[in-house]
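Here are my notes for your first read-through. Keep the model open beside you and find each spot as you go.

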Amino acid sequence: MLKRVPRAGRLRLIVVAVVAVVALVVAGVVVGMVRGKVVAAPDTEPPALEIDPLQPVHSYRGPVTVRGKASGAATVTADGVTAQVGADGVFELTLPAPPLGTTIVATDAAGNATTLPLAATVQVPRIRAVHVTAHAWSYEPLREGVLDLARQGRIDSVQLDIKDEDGVVGYDSEVPLARESGASAGIYDAREALKTLHDMGLRVIGRIVAFRDATMAEWAWNTGRRDWVIQNPGGGPYSSKYGAIAFTNFASPEMRQYNIDLAVEAAKLGFDEIMYDYIRRPDGSMSSMVFPGLTDTPSASIAEFLRESRDPVRSAGAFQSAAVFGIASTRPDEIAQDIPAMSKHLDYVAPMLYPSHWGSGEYNVSNPNAQPYDIIFASLVDFQKQTAGTGATVVPWLQDFSLGVSYGDAEVRAQIDAAAAQGINSWILWNPSVRYHGGALDPA
């Protein structure tokens with residue numbers, strides 16, 4: 001039976017109902033109240049991430065600490081390393097090696113993430129080095145002559161050959177092709193040499209003569225791997241002043257990988273730098289050469305090889321550099337060395353600027369061999385321009401041998417001074433007999 005509620009009573013019920021609804025709203029219960037549940041709004045706000053600037057480092061080896069603030073995050077991760085974030089948002093994580101083009105990710109408890117790029121600047125240390133062959137290192141009088149320069153503080157680095165102009169690998173390499181072809185010679189003990197030099201505080205540059213490689217070229221040709229060898233238009237091996245069969249084919253994937261394998265092995269052994277030499281085509285007419293498998297220009301192919309090699313070498317802990325002809329800065333196509341294209345994949349370019357190798361009148365220097373300061377100063381202007389903006393620096397090869405003009409302390413010093421006048425305080429001296437004029441070099 002229905003009952004009528006007096007007017008005053010009805011007003012009291014309305015007031016009570018309104019108050020109840022307001023109370024429910026204030027308590028946050030109205031949302032989802034059909035089922036009697038409270039439904040919270042989802043958290044979609046990502047953390048705020050700030051990274052402290054990374055200080056430049058001087059090696060691709062060794063740990064790097066990353067610090068910053070990730071407000072609202074629970075963890076921060078980079079290169080597989082994860083750190084917890086403090087209540088104030090501050091974090092710190094240590095990576096085993098400098099980050100190279102990776103990312104750092106801050107993640108909160110709800111799974112929201114903020115990602116930023118993370119890359120360290122790796123700078124090439126100052127280099128004052130001399131060239132040493134495998135046989136010179138194994139011969140005590142020559143080895144001690146080099147080590148005496150180090151003891152006197154006149155050099156801080158040694159360039160020690162890994163693979164030479166004959167294609168001989170100086171130490172006992174485990175790279176399969178080096179062993180199968182007979183290139184692995186075991187002339188010196190790499191680990192022992194590296195320990196000796198590192199214990200003296202010296203850095204070691206491992207030189208790999210890349211595509212001038214008679215040992216590999218002859219073996220490849222004789223075992224039916226003829227595409228591994230640069231050929232002449234008649235289908236025979238290309239011959240040159242370097243020999244009847246001296247150049248492997250830089251367009252061959254197998255020959256590219258062979259050199260990269262040697263570089264990575266050496267870096268893992270402890271060589272601080274890998275320098276490719278003869279990273280070019282033979283000089284001479286292009287019409288006299290055939291490069292099986294080449295799909296681009298020789299210059300582009302050489303630059304691409306360096307790109308392929310860069311990350312494996314750096315990941316193994318070494319800098320990557322290349323020795324190049326002095327003429328390459330103005331005549332890249334003569335030997336397939338495009339300096340700007342190559343430099344993008346190098347830590348430094350090492351132009352061979354030996355005064356005896358320049359023609360009369362080059363850079364308006366009438367007699368370059370007799371004017372070492374003038375030709376080094378002038379030629380470095382071009383290399384500085386060619387490498388600008390690429391990330392690579394310039395470390396010149398300088399002459400410490402006599403060819404047509406007698407070279408001693410004064411001539412070597414003149415070249416070092418010319419480089420310094422161009423703002424370059426790094427250099428590598430070349431003498432094929434591994435005897436150097438220490439009087440030209442200031443002790444540290």
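**Notes on the model**

1. Start with the rings: Phe 211, Phe 250, Tyr 276, Phe 291 and Phe 305 are linked into a cluster by ring pairs. Rings of Phe, Tyr and Trp (its six-membered ring) pair if their centres lie within 6.5 Å; planes under 30 degrees apart count as stacked, over 60 as edge-to-face and the rest as tilted.

2. Before going on, a word on what you're looking at. This is a predicted model, where local features need pLDDT of at least 70 and side-chain atom pairs count only at pLDDT 80 or more, while totals for chains, interfaces and linings use all residues. Residues are numbered from 1 along each chain as its sequence is written, and side-chain values use heavy atoms, with hydrogens and water left out.

3. How many aromatic pairs does the structure hold? There are 14 of them. Tyr 354 and Phe 401 make an edge-to-face pair, with 5.7 Å centre to centre and 70° between the planes. Tyr 354 sits in the loop between strand 13 (348-352) and helix 10 (372-387), and Phe 401 in the loop between strand 15 (397-399) and helix 11 (409-421), so this pair ties together parts that are 47 residues apart in sequence. (Helices, H or I with at least four residues, and strands, E with at least two, are DSSP runs numbered from the N terminus.)

4. Are Tyr 354 and Phe 401 buried or exposed? Both are buried; that word means under 20% relative accessible area, with exposed being over 50% and partly exposed in between (1.4 Å probe, protein chains only). Trp 358 and Tyr 363 form an edge-to-face pair as well, at 5.6 Å centre to centre and 75° between the planes. Here Trp 358 is buried, with a relative accessible area of 9%, but Tyr 363 is partly exposed at 24%.

5. Now the largest nonpolar core, which has 98 residues. Such a core is a set of buried Ala, Val, Leu, Ile, Met, Phe, Trp, Tyr and Cys residues joined through side-chain atoms within 4.5 Å. Tyr 258, Phe 271, Ile 274 and Tyr 276 have the most contacts inside it. Helix 7 (residues 253-269) gives the most to this core, with 8 residues.

6. Strand 10 (residues 203-209) is well worth a look: 7 of its 7 residues are buried. Arg 203, Ile 205, Arg 207 and Val 209 point one way, while Val 204, Gly 206 and Ile 208 point the other. In a regular strand the side chains alternate between the two faces of the sheet.

7. What does strand 10 pair with? It pairs in the parallel sense with strand 9 (residues 157-163) over 6 bridges, and with strand 11 (residues 273-277), also in the parallel sense, over 5 bridges. Two strands pair if DSSP finds at least two bridges between them. Val 158 has Val 204 as its bridge partner in strand 10, and Gly 206 has Ile 274 as its partner in strand 11.

8. Last stop, helix 11. At 1.5 Å a residue, its 13 residues should span 18 Å, and the end C-alpha atoms are 18 Å apart, which agrees; the expected span is 1.5 Å times one less than the number of residues. Its buried residues are Val 412, Ala 414, Gln 415, Ile 416, Ala 418 and Ala 419. Just after helix 11, Gly 423 takes a positive phi of about 85°.
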